[in-house]
Amino acid sequence: VQMSNIKQTPFFDIHCKYGARMIDFFGWRLPLEYQGSLKEAVAARSDCVLFDTSHMGQIRISGSKAEQFLQFLTPNDMSRLKPLAMQYNLFTNHQGAVIDDFMMYKFDDSFLCVVNASRKDKVLEWLDSNKTSGVDISDESANTALLSLQGPKSQKLLEQAVGFSLDGFDYLHFIRKEIKGIICLISRSGYTGEKGYEIYCAWENACSLWNLIVNEGNEFSLVPAGLGARDILRIEAGYPLYGNDIDETTNIIEASLGWVIKGKEHNFIGKDKILEVKGRLSRKRIGFIMQDKGVARCGYSVYNSHAVIGKVTSGTYSPNLNKFIGMAYVDIDFTNIGTAINIGIRNKLCRARIVSFPFVPIRVRNGSNK
């Protein structure tokens with residue numbers, strides 16, 4: 001029986017059929033893993049995997065003032081976006097901290113913001129509180145299903161499913177196509193760092209789309225993957241997770257997301273506070289590799305010999321590197337690459353070393369026909 005407060009994606013029965021281990025994730029029943037997170041994380045970097053990401057929020061902004069409105073709420077310069085292109089962006093508050101990180105899609109007459117499930121209501125609230133005339137906001141999440149196909153074999157598999165070449169399809173762009181009669185929006189980005197695609201369709205066509213991709217996927221060693229693998233892959237890529245590595249107390253400079261600020265001229269909410277912090281940074285998000293065995297979990301303390309200098313925000317075992325890796329915020333004096341640090345794991349100080357992001361080579365931007 002579906003609990004009234006727990007939501008299910010249209011793929012719920014499919015996940016159960018595959019024997020997925022289901023968990024509650026911000027009010028959604030989602031697969032944590034099918035055959036095991038480590039196996040699925042390896043498959044994403046060697047072959048390809050399919051994620052159900054239908055829990056993500058889709059908010060459409062339209063109207064004559066839509067672009068001006070969004071430009072004022074975000075640090076990335078949207079005036080550079082052409083129709084059928086997309087960008088990574090942030091909604092920042094008046095303190096210059098992160099309300100959410102999201103992907104922005106530009107259509108001819110509107111913008112689609114694909115936001116984190118855990119933040120959708122907060123983002124809607126924020127948009128409404130800043131709304132001006134000439135701006136329409138609609139929540140399309142309930143009618144939209146979303147699959148994410150990731151991995152080096154994803155292009156060949158998708159080409160077979162859609163029946164045409166994807167060679168000219170560049171990173172951070174999207175197209176609208178029919179796949180065997182199902183109208184889809186296909187974009188090319190990826191939260192795994194691998195080459196991959198996001199495929200949106202109407203909720204009622206979702207299961208047909210899944211079956212179609214899985215049937216084509218047999219010869220490409222496609223496996224379904226869950227939240228566990230997704231977390232490993234995004235840590236390997238050095239990408240932050242909202243709620244762990246960034247939140248409403250994190251300034252975007254200390255989060256190592258300063259690169260998002262484009263266009264010196266454009267004014268946006270929180271800009272003054274962000275620039276203020278830039279001059280006197282006290283901590284920064286860093287990546288580390290454990291020298292001793294052990295998973296550094298969120299909340300564990302980071303030490304310089306015996307003094308606490310920070311906190312772990314994400315940590316995992318990386319099956320693709322065969323190493324324990326993680327992210328932390330540490331005092332600015334200890335952020336240099338190569339710095340030796342210690343992580344407190346079960347009353348023991350374990351050795352680690354600061355490294356640069358990403359932990360694995362990022363292939364998501366590979367040329368269109370690689």
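The protein chain exposes about 16,200 Å², and carbon and sulfur atoms supply 49% of that area. Accessible areas here come from the Shrake-Rupley method with a 1.4 Å probe, and for residues only the protein chains shown count as cover. The model is predicted, so to speak of a local feature I need pLDDT of at least 70, side-chain atom pairs count only at pLDDT 80 or more, and totals for chains, interfaces and linings use all residues. Residues are numbered from 1 along each chain as its sequence is written, and side-chain values use heavy atoms, with hydrogens and water left out.

Next, burial and overall dimensions. Of the 370 residues in the protein chain, 56% are buried. Buried means under 20% relative accessible area, exposed means over 50%, and partly exposed is in between, with a 1.4 Å probe and protein chains only. The C-alpha trace spans about 60 × 50 × 45 Å along its principal axes.

The protein chain has 8 helices and 20 strands. Its radius of gyration is 21 Å, close to the 21 Å that the globule rule gives for 370 residues, so the chain is as compact as a globular protein of that length. That radius is taken over C-alpha atoms, and the rule is 2.2 Å times the number of residues to the power 0.38. Helices (H or I, at least four residues) and strands (E, at least two) are DSSP runs, numbered from the N terminus.

On contacts, meaning heavy atoms within 4.5 Å: among those between residues at least 6 apart in sequence, 67% join residues at least 24 apart.

On charge, the mean positions of the 44 positive and 39 negative charges are 6 Å apart. Lys and Arg count as positive and Asp and Glu as negative, while His and the chain ends are not counted. The place of a charge is NZ of Lys, CZ of Arg, CG of Asp or CD of Glu.

An open sheet of 3 strands has the order β1-β3-β2, with mixed pairing. β1 (7–8) and β2 stand at its edges, each with a single partner strand, so one side of each is left without a neighbour in the sheet. Pairing requires that DSSP finds at least two bridges between two strands. β2 and β3 are antiparallel over 5 bridges, and methionine 22 has proline 31 in β3 as its bridge partner.

The loop between β2 (21–25) and β3 holds phenylalanine 26. This residue has a positive phi of about 50° although it is not a glycine. Is phenylalanine 26 buried or exposed? At 52% relative accessibility, phenylalanine 26 counts as exposed.

A second residue with positive phi is leucine 172, near 60° and again not a glycine. Leucine 172 sits in the loop between α5 (154–162) and β11 (174–179). With a relative accessible area of 21%, leucine 172 is partly exposed.

Helix α2 (residues 37–46) has Ser37, Glu40, Ala41, Ala43, Ala44 and Arg45 buried. Those residues pack against β3 (28–33), β4 (49–52), β10 (144–150), β14 (223–224) and α7 (227–236).

Strand β5 (residues 57–62) is mostly covered, with 5 of its 6 residues buried. β5 runs antiparallel to β8 (residues 110–115), joined by 6 bridges, and glutamine 58 has valine 114 in β8 as its bridge partner. β5 also pairs with β9 (residues 136–139) in the antiparallel sense over 4 bridges, where isoleucine 61 stands opposite isoleucine 137.

Helix α3 (residues 66–73) has Ala66, Phe69, Leu70, Gln71 and Leu73 buried. The cover over these residues includes β5, β8 and β9, along with β6 (85–92), β7 (98–106) and α4 (120–130).

β15 itself (residues 283–290) has 6 of its 8 residues buried.

From phenylalanine 357 to proline 358 the bond is cis, with omega near -10°, and proline 358 lies in the segment after β20.
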